[in-house]
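Thank you all for coming; please take a moment to look at the sequence and the structure on the screen, and then I will walk you through a few places in them.

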Amino acid sequence: MEKKCMDAVFGEMTYKHRWVRKQDEIIFGKKYEITVAAKAFSGKPITDEQRSAYQEFTKKKSVYFDMAGTLLIEYINSNLKEMAQYQTDAGCMEDAVELSRVVTPKTLLFKQDGTMLLLLECIWDEEDGMAVQLLPEAKVGRQDLFL
């Protein structure tokens with residue numbers, strides 16, 4: 001039996017190793033169904049820090065997604081030599097339309113301390129994927145650096 005909760009901020013969530021629900025978002029100019037997740041151990045409740053971070057996200061989601069795009073483009077462009085084998089043109093990336101060909105947003109994760117991460121699949125690291133930390137400070141790197 002699935003454990004569910006109706007959170008005042010997140011809405012209806014289901015516990016599957018963390019509190020989750022699906023949500024449609026426009027990211028990098030495309031519509032994606034992503035998982036919104038609040039990390040929780042053993043079905044513990046969602047924290048006030050997670051709620052605050054999610055409220056911040058909902059107020060300025062386009063700003064956060066634009067920031068994620070900018071950080072990813074900068075990351076890719078600064079690592080072009082290593083990524084050249086995965087890109088068809090191996091040139092500099094300039095916009096989110098190009099970005100949507102090499103990364104796929106999958107999860108918006110809120111850690112218990114309110115840290116917000118956008119987790120993505122990418123063509124150059126299929127095993128680990130990429131993460132963009134959006135709160136409390138903006139950073140980009142492999143998912144394993146943040147999880």
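Let me begin with T115, which is buried, with a relative accessible area of 8%, where buried means under 20% (1.4 Å probe, protein chains only). This is a predicted model, in which local features need pLDDT of at least 70 and side-chain atom pairs count only at pLDDT 80 or more, while totals for chains, interfaces and linings use all residues. Residues are numbered from 1 along each chain as its sequence is written, and side-chain values use heavy atoms, with hydrogens and water left out.

T115 sits in the loop between β5 (103-110) and β6 (116-122); strands here are DSSP runs of E with at least two residues, helices are runs of H or I with at least four, and both are numbered from the N terminus. Apart from neighbours within four places in sequence, T115 is in contact with L109, F110, Q133, L135 and P136, contact meaning heavy atoms within 4.5 Å.

Finally, the axes of helix α1 (residues 48-59) and helix α2 (residues 61-78), which are lines fitted to C-alpha atoms over the stretch in contact, come within 5 Å and cross at roughly 90 degrees. The contact is made by E56, F57, T58 and K59 of α1 together with K61, Y64 and F65 of α2.

Key: Buried means under 20% relative accessible area, exposed over 50%, partly exposed in between (1.4 Å probe, protein chains only). Axes are lines fitted to C-alpha atoms, for helices over the stretch in contact, and angles run from 0 to 180 degrees between N-to-C directions.
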